[in-house]
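Student: I am new to this structure and would like to go through it by question and answer. Please show it to me.

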Amino acid sequence: MPVILPGQTDLYALTDARLSLGRPLADVAQALLDAGVRILQYREKKLKAGQMLEECRLLRRLTREAGACFIVNDHIDIAMLVEADGVHIGQEDLPLPEVRRLVGPKMIIGLSTHTPDQARAAVAAGADYIGVGPIFATQTKEDVVDPVGFGYLDWVAANISVPFVAIGGIKAQNIGEVVRHGAQCCALVSELVGAPDIRERVAAVRRAMRA
């Protein structure tokens, strides 16, 4: 089954147990997948490695059944163990060429970027896609950089050939503007996993993107 990249689908969901209203990960993930989300990233910062491994095994099974792309944030070893479709890394993680040596040629690698220089370097290093943001201020990630606003998003849309996903503080009420600035795929965390009705929220976000 071909791996789905940003640009081939509209929404990219990230997990966050702290924001999921106490619901089990399986329920949250299944609701996202049932709503048609086709890229799901596991991003949990506060759990023990063993628990993360078990949760990623669960998500690998659910995403495979749904024909969705499964990305693991940061934890390259776990991504390899569960045979994830990809791994997402940040600017301060292992360098992308070293990650490629570990995961091999088939696993996709996404890299967060915040400046044109970082985007150019990511493409040169072989990133399969880049993250662009944070577009707006966000509280879902610790040690986050300052918002990049629309200037950087405009630059990426005009200058970068690899797929990209806009991320950071994106909600139903502002996603239309993000799309107008060139983002074909947007990553959301609290807006989706924190919604009382995840399927309806996904539908509302998609309506806002089309509008």
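Student: Is Arg64 buried, exposed or partly exposed?
Tutor: This is a predicted model, in which local features need pLDDT of at least 70 and side-chain atom pairs count only at pLDDT 80 or more, while totals for chains, interfaces and linings use all residues. Residues are numbered from 1 along each chain as its sequence is written, and side-chain values use heavy atoms, with hydrogens and water left out. Buried means under 20% relative accessible area, exposed over 50%, and partly exposed in between (1.4 Å probe, protein chains only). At 47% relative accessibility, Arg64 counts as partly exposed.

Student: Which residue meets Arg64 in a salt bridge?
Tutor: A salt bridge is a side-chain nitrogen of Lys or Arg within 4 Å of a carboxyl oxygen of Asp or Glu. Arg64 lies in helix α2 and its partner in the loop between α3 and β4 (86-89), so the pair ties together parts that are 19 residues apart in sequence. Helices (H or I, at least four residues) and strands (E, at least two) are DSSP runs, numbered from the N terminus. At 3.9 Å, N to O, the partner of Arg64 is Glu83.

Student: How far apart are the closest N and O atoms of Glu65 and Arg61?
Tutor: Glu65 and Arg61 are 4 residues apart in helix α2 (residues 49-66), so about one helical turn separates them. Glu65 is exposed at 59% relative accessibility, and Arg61 is partly exposed at 44%. They form a salt bridge, and the closest N and O atoms are apart by 3.4 Å.

Student: How far is Leu32 from Val193 in space, C-alpha to C-alpha?
Tutor: Leu32 lies in helix α1 and is buried, at 1% relative accessibility. Beyond its neighbours within four places in sequence, its contacts (heavy atoms within 4.5 Å) include Ala13, Leu40, Val193 and Val202. Leu32 and Val193 are 161 residues apart in sequence, yet their distance in space is 8.1 Å.

Student: Within what arc do the buried residues of α6 fall?
Tutor: In helix α6 (residues 149-159), Phe150, Tyr152, Leu153 and Val156 are buried. They line one face of the helix, because seen down its axis they fall within an arc (taken from the directions from the helix axis to the C-beta atoms) of 160°.

Student: Which exposed residues does the other face of α6 carry?
Tutor: The buried side of α6 is covered by elements including β5 (108-113), α5 (116-125) and α7 (175-180). On the face turned away from that side, the exposed residues are Gly151 and Ala158.
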